[in-house]
Amino acid sequence: MSTQKDRWVSSFSFLLFCASSIPTWGSARLLQELSPQEYFSSLQAGRASLAYFSHNVSPGAQPFLEQIENSAEALQDYGISVVKVICPKEDVSRYCGKENALRKAYLFRGNMLIREFPTDALFDVNSIVANVLFALLFNEVKYVETLADLQNIENTLKGRLNMVFAYVPATGTAEHRAVMEAAFVYGTVHQFVLTTEAALLKDTGDDEPDMSSARLLFCHCQRATDLAQPCRRTAMGQALTMLNIHRHLKLMGAPLVTEVAEDPEKVSTVHLQLGLPLVFILSQKETYEADRRTAEFVAWQLLGKAGVALLSRDLVDLNILLRSNVALKTPDEGVPIKYLVLEDTDEVITLVEDKSKVKQIQEEEEEEEEDEDEKENNNQGTQGVLLSRVNCWDWPGVCTEENVTQFPTIKIYEKGERSVMYNGMWGTDELTSFIMLSRVPCPLKLATVEEAEGYLRGEFPSELSSYHHTSLLGVFSTATSEAREAFEEAGSILSGHVTMGMYFEDDALTLSRKYAVSPPALLLARSGGQSVEGITLSKQNAQDMVQMIRYELLDIFPEITVQNLPRYLQLRKPFLILFSDDDIGQIESKEMLKLAKGRPQQEFVACWLNLKKTPVGRGVLKAYFATMPSLPVLVWVNFHAGGQVFKFPSEQSITELNILSWLEKLKAGLEVPSSTLSDEDWKPPLPAYNFLQMMETAVPELPLHTPQRHGDTPAAQHPPESPGGDTTTQEEPSRETKAEKMASPGRDLRGTAPRLAAREKQGKRHSEL
């Protein structure tokens, strides 16, 4: 702590020095007035001076002299004197005799001329101080114009010195002065590099640089180990002032991660002293290496925004919940440290960048604890569903037996029935809908015509009243048993995804005649039974029937969303998409619906996309066109053949007749595509990993849990006696420890986080098996 205190004292002293460097208007006159002989005889070796030679002062030179005089105090702090040299009329020397010479100021070091400045380049105190220091530090501050120059300097610094790279829109500005003053102080510690070329900002990683704003990047070249890679860069987020640059460099010089072995309330670091928060990653000796990597990963993300410390639970007696894995200390006096439970490093970063997040997390945790019992009753008891979690790290035998090799995986088990794999969207509403639909027999056998009619109106079963799905009713006669069996098999395949009913009583003909079909037939009730469509079931194969049902469930003129797009892409048809910035107009909707119901509907998918509800559509349009078109816009695109994109003429109104005429031109090859999409396959960014196999390969010497013997009931049907308990982990800490040490630095809070956090939180809500 004494070292930190000494650093802060020196830092504070330098801030006082900076404050004293600010010009004080009305102070004692520091501008010397000497004759040429007096001036040249007073020059001292190694001492710099700025001189202006003048005969009688003309009115035009008066503003310049005022700025020169005002800058005298600031330059004096850097050991530079400012002199006005009065030239006699008869003097015809180099500096007094020529008219051009009298329009310049001269910078000397001793009796050696360093630089000539046109007086119009020294227009205020900032420009004078900036240009004078720039000239004196010419060998210390490198000026670059090209990326090659910058890379050459960077390569020579790797492993030796850090680099401070600054962009200023022009020299002589206040920002230029701040950079040069910082270089005067820190030039022996870091290599300063300056540019006025805005193009270099893009080359240093800024995709959309603001060319009118100065920027400063700290380049961590001293830490560079791979000479082929550029140095890490940390941008200064504040305006380029001397104090901000000093603050940034102090933060960059602080340890990346501080290890703490005392009460965190007593800890003080340079970050807290400079008004920034300090994040503690709570650790323990068994997971030290993994926690250290996590802390370093977080520290790089928060560099310049917050400090990061590694706090060992083993060395400090903390009176906090065991599940807490992160603590936050703010620089505010009297504010207690907040201990939190976070799932990954993204949450830590958000915690620092969004101050309101701390209060929100704490409120959520309090609400979780208060509503725990009520949630368990509502989610698992008022609905009859037990939510359980199997940790495949602890139960690899169970996961292997259940054919679970990718995480996460959701399967639904019902006594006496085969398990059902969930492969839908990972959202609360989607999963809840799947669970509720899975609990209802599919297809649901109806006993009377009244029940069948009520089913089509959405009145049965009552537990599905809050889930609005298109209802399908299969109608069969006694002579269509083969079709009925195929329909029943199709229902078992589609269980959880659709609502299916079946009616095959003696009076089935009465029901089918009402909707003008003959058994076997399928009745589709859309919009709560407001419209019922009859379709003859010509397919006798279950798989063919599944495909037909999925197709019939698609909307005629659907609104494309992220959730339903895959279903329409599976049709492998061209898309006719109407992009709109909100709900489409009544006229356009009517015309597009007529088009979708018409003859060509089997040839393409007519749909629309609401950019207000699905903002990703803007990115789609940018990929289609060079500039964002005015909305609404109608687009034809064939993803599966050529990828050509055609835009419906904006001068034509969107009517069925106009669109059909335009489509005929497309078929005839009379329209020019606006763009052509890449033929690259749409694949996941990473391959699907068999995690269980990887775990066994990584730790071959450790025994896995013995798989269940043939005939044992799957663990998912038998919750443990103590929900949330995990005795296996307690018995075998060595395996978890070794695995943690081998893990690469990731985005999880490892070790104390997230395994303790996950178990504490999930154990209360679910039964961990």
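Colleague: Hi! Where do I start with this one? How many helices and strands does the chain have?
Modeller: Hello! Keep in mind that this is a predicted model. The chain contains 27 helices and 29 strands.

Colleague: And what share of the residues is buried?
Modeller: Of the 769 residues in the chain, 44% are buried.

Colleague: Let's talk sheets. In what order do the strands run in the one with S6 to S10?
Modeller: The order is S6-S8-S7-S9-S10, in an open sheet of 5 strands with mixed pairing. Strand S6 (141–143) and strand S10 (232–235) are the edge strands, so to speak: each of them pairs on one side only. From one strand to the next, the twist averages 25°.

Colleague: Remind me, what holds strands of a sheet together?
Modeller: Strands of a sheet pair through backbone hydrogen bonds, and they can do so in a parallel or an antiparallel way.

Colleague: Which way do S7 and S8 run, parallel or antiparallel?
Modeller: Strand S7 (residues 163–167) and strand S8 (residues 191–195) run parallel, joined by 5 bridges. If you want a spot to look at, find Phe165, which stands opposite Val193 in S8.

Colleague: Nice. Which strands does helix H8 lie across?
Modeller: Helix H8 (residues 242–253) lies across S7, S8, strand S9 (215–220) and S10. The helix runs at about 20° to S9.

Colleague: New topic, charges. How many salt bridges does the structure hold?
Modeller: There are 13 salt bridges. One of them is between the side chains of Lys84 and Glu33, at 3.9 Å from N to O. Lys84 sits in strand S3 (residues 80–86) and Glu33 in strand S1 (residues 32–34), so this pair ties together parts that are 51 residues apart in sequence.

Colleague: Is Lys84 buried or exposed? And what about Glu33?
Modeller: Lys84 is buried, because its relative accessible area is 12% and the cut-off for buried is under 20%. Glu33 is partly exposed, with a relative accessible area of 44%.

Colleague: Which residue does Lys613 form a salt bridge with?
Modeller: Its partner is Glu559, with the closest N and O atoms 3.3 Å apart. Lys613 is in the loop between strand S25 (605–610) and helix H22 (616–624), and Glu559 is in the loop between helix H19 (542–552) and helix H20 (565–569), so the pair ties together parts 54 residues apart in sequence. Lys613 is exposed, at 56% relative accessible area, whereas Glu559 is buried, at 18%.

Colleague: And where does Lys667 come in?
Modeller: Lys667 forms a salt bridge with Glu603, and the closest N and O atoms are 3.3 Å apart. Lys667 lies in helix H23 (residues 656–667) and Glu603 in the loop between helix H21 (586–597) and S25, so parts 64 residues apart in sequence are tied together. Lys667 is exposed, with a relative accessible area of 56%, while Glu603 is partly exposed at 36%.

Colleague: Last one! Which residues form the nonpolar patch on the surface?
Modeller: Met425, Val562 and Val616 form a nonpolar patch, with about 260 Å² of accessible area together. Val616 is in helix H22 and counts as exposed, at 52% relative accessibility.

Methods. Residues numbered from 1 in each chain as written. Predicted model: local features only at pLDDT ≥ 70, side-chain atom pairs only at ≥ 80, totals over all residues. Heavy atoms only, no water. Helix = DSSP H or I, 4+ residues; strand = E, 2+ residues; numbered from the N terminus. Buried < 20%, exposed > 50% of the residue type's maximum accessible area, 1.4 Å probe, protein only. Pairing = 2+ DSSP bridges. Axes fitted to C-alpha atoms, helices over the stretch in contact; angles between N-to-C directions. Contact = heavy atoms within 4.5 Å. Salt bridge = Lys/Arg side-chain N within 4 Å of Asp/Glu carboxyl O. Patch = residues over 30% accessible without salt bridge, like charges linked within 9 Å, V, L, I, M, F, W, Y side chains within 5 Å. Areas by Shrake-Rupley, 256 points an atom, 1.4 Å probe, with all protein chains shown as cover.
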